[in-house]
Amino acid sequence: MLWFLVVLLGVGMEARTPGIKMKITQKGLDYGKQVGMEFLTSALLQLPIPDFRGSYSIPLVGHVEYAMTGFQVKTINLGESLVAFVPSSRIKLSMGPSEAQVNGHWSVKVSLIHDSGTFKLSVGDMMLTMLIEVGWDGAGRLSVSPAGCSCHIGHLDVTFHGGASWLYNIFTGALEDPIQRELNSKVCEKIQNAVQALERILQTIPESSHISSIADLNYSLVAAPLITEQSIEVDLKGEFYSRDGHREALVPPTPFSLWEQNDRMLLLGVSDFVANSAASVYYRAGALSWNVTDSTISKKFPIHINTKIFKGFVPELQRRFPDTPMALQIFARLPPSLQTQPATLQLLLPGAVQAFVLPNGTSPVPVFLLHADTKASAQIFTSGKNIGASLKLTNFSLTLAHSAVGPFQVDKLETLLNVTLKSAIMPRINRKLKEGFPLPTLPKTSFQDTVIKIQEGFLAIATDIQYGA
């Protein structure tokens, strides 16, 4: 159960409106318990139990010195378990009745007589309850700490084997109480140590993920987690930053809320802000620019990029530069903008097209500049731990911004560039988008049975989690 907090919550500054919200439901917590119990069983099998040494007097025998060493937990059955949210900042785990068997060695000294053998210690009806405080460190990372632990062993039996064990078994009652008290304290100590080890791991988790040579994605916490009786919700920054320097977004995220949905383990909300911050970073880096020449388009494409194809659109161009190769630079003149409405997702791209002629042996000559406004619809999908998209061009319009070859109509040229966008530019964009961007999880996890809904101002993802995939 403890690992699940790391896997799903990942890893801020003062509290602010998040770009990403994550909510773990009771179903998710139950799955975390299922996997976490395996880890807890493994940890308890390695539970260190200190040696016992002491002495007492036995009538007709005299002063007896004893030692019980080499404790080793051989089997353990944790029984039924229950994990629950405790508003507003805790998680409670209850287990039991549990059973365990512990083996070891005994030795006894009575006067000049030494005796030794093995023993079997049976623990039954053990009940365990623990509380974990879940918060944040105020600087962007999740924080956990032990908030309480109680362990009660219903009964404990010790049986000696070897040597004069038939005699010592008569007096095992004198040993059972101190052993029981020691085990009660050691089990809680082991669990509290595990929570503290988890806290140390959380403090090493980075607050951002490297996306490309241009951008990082910051997904640090922006507020303390909120725990209700049904779920735990965390708010993550969800902002792209340039790797060349940190610059806060001019427009903050719009507040949004996740709904209650208990048939999935995890609910994830990604606001428009996340995609728009990415667009701003790539725009400022000059990455939203593509050059189109004959060498960049498919050889199956029937049209060559030269002045001849513009003869019917820009007559003066062909007269000044007959049959001259050309290049088109298509770029964003403003950052792209993502807008989500219920069931629809639209990408708005205010772009431009700068046309050049390429005379042999001379530098490119600019001949005209067009403003190109593009709208595209998007399909969103998840693959493993990434969220990706596929764009489809829905509208493209041109206006003449500047011409060095006289005025001309752009209607027919608009049709030509529409074809170029669909055949050369959009496939390149979609190949990049298909790679996707990482969602805030850890290794060895993947999403399953994912449902994606487009809401007002954000994308909603409801999914189950598979650990070890």
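Strand β9 (residues 215-218) and strand β12 pair in the antiparallel sense over 4 bridges, two strands being taken as paired if DSSP finds at least two bridges between them. Within this pairing, Ala215 has Ser242 of β12 as its bridge partner. The model is predicted, and local features therefore need pLDDT of at least 70 and side-chain atom pairs count only at pLDDT 80 or more, whereas totals for chains, interfaces and linings use all residues. Residues are numbered from 1 along each chain as its sequence is written, and side-chain values use heavy atoms, with hydrogens and water left out. Helices (H or I, at least four residues) and strands (E, at least two) are DSSP runs numbered from the N terminus.

The pairing of β9 with β12 belongs to an open sheet of 3 strands, ordered β8-β9-β12 and antiparallel. Its edge strands, each pairing on one side only, are β8 (208-210) and β12 (239-242). From one strand to the next the twist averages 30°; axes are lines fitted to C-alpha atoms, for helices over the stretch in contact, and angles run from 0 to 180 degrees between N-to-C directions. Helix α5 (residues 272-284) packs on this sheet and touches β9 and β12, its direction making about 10° with that of β12; contact denotes heavy atoms within 4.5 Å.

A further antiparallel pairing, over 18 bridges, involves strand β6 (residues 113-136) and β7. Val134 is bridged to Val144 in β7. The hairpin of β6 and β7 has 5 residues between the strands, and Gly138 there takes a positive phi near 80°. In a regular strand, side chains alternate between the two faces of the sheet.

A search of the whole structure finds 1 disulfide, defined as a pair of cysteine sulfur atoms within 2.5 Å. This link joins Cys149 to Cys188, with an S to S distance of 2.2 Å. The angle about the S-S bond is -85°, and the link of Cys149 and Cys188 is left-handed. Because Cys149 lies in strand β7 (residues 142-161) and Cys188 in helix α4 (residues 173-202), the pair ties together parts that are 39 residues apart in sequence.

Accessibility was classed as buried under 20% relative accessible area, exposed over 50% and partly exposed in between (1.4 Å probe, protein chains only). Cys149, at 22% relative accessibility, counts as partly exposed, whereas Cys188, at 9%, counts as buried. Cys151 is in no disulfide, and the nearest cysteine sulfur, that of Cys188, is 5.5 Å away. With 12% relative accessibility, Cys151 counts as buried.
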